[in-house]
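Dear colleague,

I am handing over a structure that you have not worked with before. Please look it over first, and then read the notes below, which go through what was found in it.

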Number of protein chains: 2
Amino acid sequence: MCEAHAFILRDGSEEKIMENVDQVEVENDEIRMINIFGEQKMLRAKIRSYSNSERKIVLEAIDPAIK
Amino acid sequence: MCEAHAFILRDGSEEKIMENVDQVEVENDEIRMINIFGEQKMLRAKIRSYSNSERKIVLEAIDPAIK
């Protein structure tokens, strides 16, 4: 069990948006994430950083207004 | 030990560029990767996908000519 959790950076603070992320796919401005339970999330964002040791994926919203 | 390996997509095929990646940071068109031994690599690329279960990070070169 070494899945990372995904956070989105909005107005300088990080908000957790998905736990136990298994897959992340980037297609232009869209990010598609799938967790270990097969749940999906799509959002307009880009990857900012990934840390294996911190189990953390940080995304940055392209449109800050999106939820 | 569940670090992923990084591959770069070039001309349709994947080439391994770093094993046991711990950190990935994206800054504009630059990607900085650090492995568990503290070795660093910087390259002009973007993240294409990440898979925890496959232990794989796939990057796409921005300038196909770079090595």
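Arg44(A) counts as partly exposed, because its relative accessibility is 35%. In this model, which is a predicted one, the side chain of Arg44(A) meets that of Asp29(A) in a salt bridge, at 3.8 Å from N to O. The pair links distant parts of the chain, since Arg44(A) belongs to strand E4 (residues 40–51) of chain A while Asp29(A) sits in the loop between E2 and strand E3 (30–35) of chain A, 15 residues apart. Asp29(A), at 37% relative accessibility, counts as partly exposed.

A second salt bridge in chain A joins Lys56(A) to Glu14(A), and here the closest N and O atoms are 2.8 Å apart. This pair, too, links distant parts of the chain, with Lys56(A) in strand E5 (residues 56–61) of chain A and Glu14(A) in strand E2 of chain A, 42 residues apart. Glu14(A) counts as partly exposed, with a relative accessibility of 41%.

In chain B, the side chains of Lys56(B) and Glu14(B) meet in a salt bridge at 2.7 Å, N to O. Because Lys56(B) lies in strand E5 (residues 56–61) of chain B and Glu14(B) in strand E2 of chain B, the pair ties together parts that are 42 residues apart in sequence. Lys56(B) is partly exposed, with a relative accessible area of 21%, and Glu14(B) counts as partly exposed at 40%. Over all chains, a search of the whole structure finds 12 salt bridges.

How many salt bridges does the rule find across the interface of chain B and chain A? The count there is 0, whereas 10 residue pairs, both residues at pLDDT 80 or more, are in polar contact between chain B and chain A. On the side of chain B that touches chain A, the elements that give two or more residues are E2 and strand E4 (40–51) of chain B. E2(B) gives the largest share of that side, 6 residues. By kind, the residues of the side of chain B that touches chain A divide into 7 nonpolar, 5 polar and 6 charged.

The size of an interface is often given as the accessible area lost when the parts come together. For chain B and chain A, the area buried between them is about 1500 Å², of which 43% is on carbon and sulfur atoms. Of the area that chain B buries against chain A, Cys2(B), Tyr50(B) and Asn52(B) supply 37%, more than any other three residues. The contact takes 18 residues from chain A and 18 residues from chain B. Strands also pair across the two chains, as E2(A) and E4(B) run antiparallel and are joined by 3 bridges. Within this pairing, Val24(A) has Tyr50(B) in E4(B) as its bridge partner.

Turning to the strands inside chain B, E2(B) pairs in the antiparallel sense with strand E3 (residues 30–35) of chain B over 6 bridges, and Val21(B) has Asn35(B) in E3(B) as its bridge partner. E2(B) and E3(B) form a hairpin with 2 residues between them, and Asn28(B) in the turn has a positive phi of about 55°. E3(B) in turn pairs with E4(B), again in the antiparallel sense, over 5 bridges, with Arg32(B) standing opposite Met42(B) in E4(B). These two strands, E3(B) and E4(B), form a hairpin with 4 residues between them, and Gly38(B) in the turn has a positive phi of about 85°.

Leaving aside its neighbours within four places in sequence, Ala6(B) is in contact with residues including Ile17(B), Met18(B), Val21(B), Met33(B) and Ile57(B).

Finally, Asp11(A) has a positive phi of about 55° although it is not a glycine. Asp11(A) is placed in the loop between strand E1 (4–10) and strand E2 (13–27) of chain A, and with a relative accessible area of 76% it is exposed. In chain B, Asp11(B) has a phi near 50°, a positive value in a residue other than glycine, and counts as exposed at 77% relative accessibility.

With best wishes

Note on methods: Residues are numbered from 1 along each chain as its sequence is written. Chains are lettered from A and ligands numbered from 1 in the order in which they are written. This is a predicted model: local features need pLDDT of at least 70, side-chain atom pairs count only at pLDDT 80 or more; totals for chains, interfaces and linings use all residues. Side-chain values use heavy atoms; hydrogens and water are left out. Buried means under 20% relative accessible area, exposed over 50%, partly exposed in between (1.4 Å probe, protein chains only). Contact means heavy atoms within 4.5 Å. Buried area is the accessible area (1.4 Å probe) that two parts lose on being put together, summed over both. A salt bridge is a side-chain nitrogen of Lys or Arg within 4 Å of a carboxyl oxygen of Asp or Glu. A polar contact is a pair of N or O atoms within 3.5 Å; within protein, one must be able to donate a hydrogen and the other to accept it, and residues adjacent in sequence count only if both atoms are side-chain atoms. Ala, Val, Leu, Ile, Met, Phe, Trp, Tyr, Cys and Pro count as nonpolar, Asp, Glu, Lys and Arg as charged, and the others, Gly among them, as polar. Two strands pair if DSSP finds at least two bridges between them.
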